Amino acid sequence: NDCIHTYRDSNALAHLAEALVNRAEVALSATSLSRAREDLKEARALFAFRHDVAGEALTWKLEAEISVATGELTVAIELLTYAKERATQVNQVFVMAEATRVLGEIAAVRVVLGEHHPR
């Protein structure tokens with residue numbers, strides 16, 4: 001929190017966005033989903049302002065993970081697909097791979113739940 005305040009006070013937008021993403025990841029792992037969503041929303045706005053497509057893609061991927069945690073699988077799929085498309089635009093391999101991984105996990109869960117039939 002201290003570094004977020006410092007970055008905000010000094011108008012260090014790139015560092016602020018990264019710190020917000022880091023805090024959102026910690027909040028997500030601690031199931032503090034509202035905190036994670038707030039941080040991701042702010043980080044995404046900062047990334048958009050800076051035209052940082054890779055950063056934006058990461059926030060969409062993390063937002064999708066929140067949707068998975070809340071059982072909103074259809075929303076998660078849409079967000080992951082969007083994150084993967086954005087990451088592909090700038091060759092952000094990590095986000096592309098992570099989005100693909102989570103999409104695979106969702107597909108596996110849906111098969112188990114009988115919502116989807118494997119081909």
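How much of the accessible surface of the protein chain belongs to carbon and sulfur atoms?

1. A word on the model: it is predicted, so local features need pLDDT of at least 70 and side-chain atom pairs count only at pLDDT 80 or more, while totals for chains, interfaces and linings use all residues. Residues are numbered from 1 along each chain as its sequence is written, and side-chain values use heavy atoms, leaving out hydrogens and water.

2. To the opening question: 56% of about 6,900 Å² belongs to carbon and sulfur atoms (Shrake-Rupley method, 1.4 Å probe).

3. The protein chain has six helices and zero strands (DSSP runs: H or I of at least four residues for helices, E of at least two for strands). Its radius of gyration is 15 Å, close to the 14 Å of the globule rule for 119 residues, so it is as compact as a globular protein of that length (taken over C-alpha atoms; the rule is 2.2 Å times the number of residues to the power 0.38).

4. Of the 119 residues, 37% count as buried (under 20% relative accessible area; exposed is over 50%, partly exposed in between, with a 1.4 Å probe and protein chains only).

5. Two loop residues deserve a look. T31 sits between α2 (13–29) and α3 (33–49); its phi is near 55°, a positive value in a residue other than glycine, and T31 is exposed at 64% relative accessible area. N91 lies between α5 (73–89) and α6 (93–113), with phi near 55° and 56% relative accessibility, which counts as exposed.
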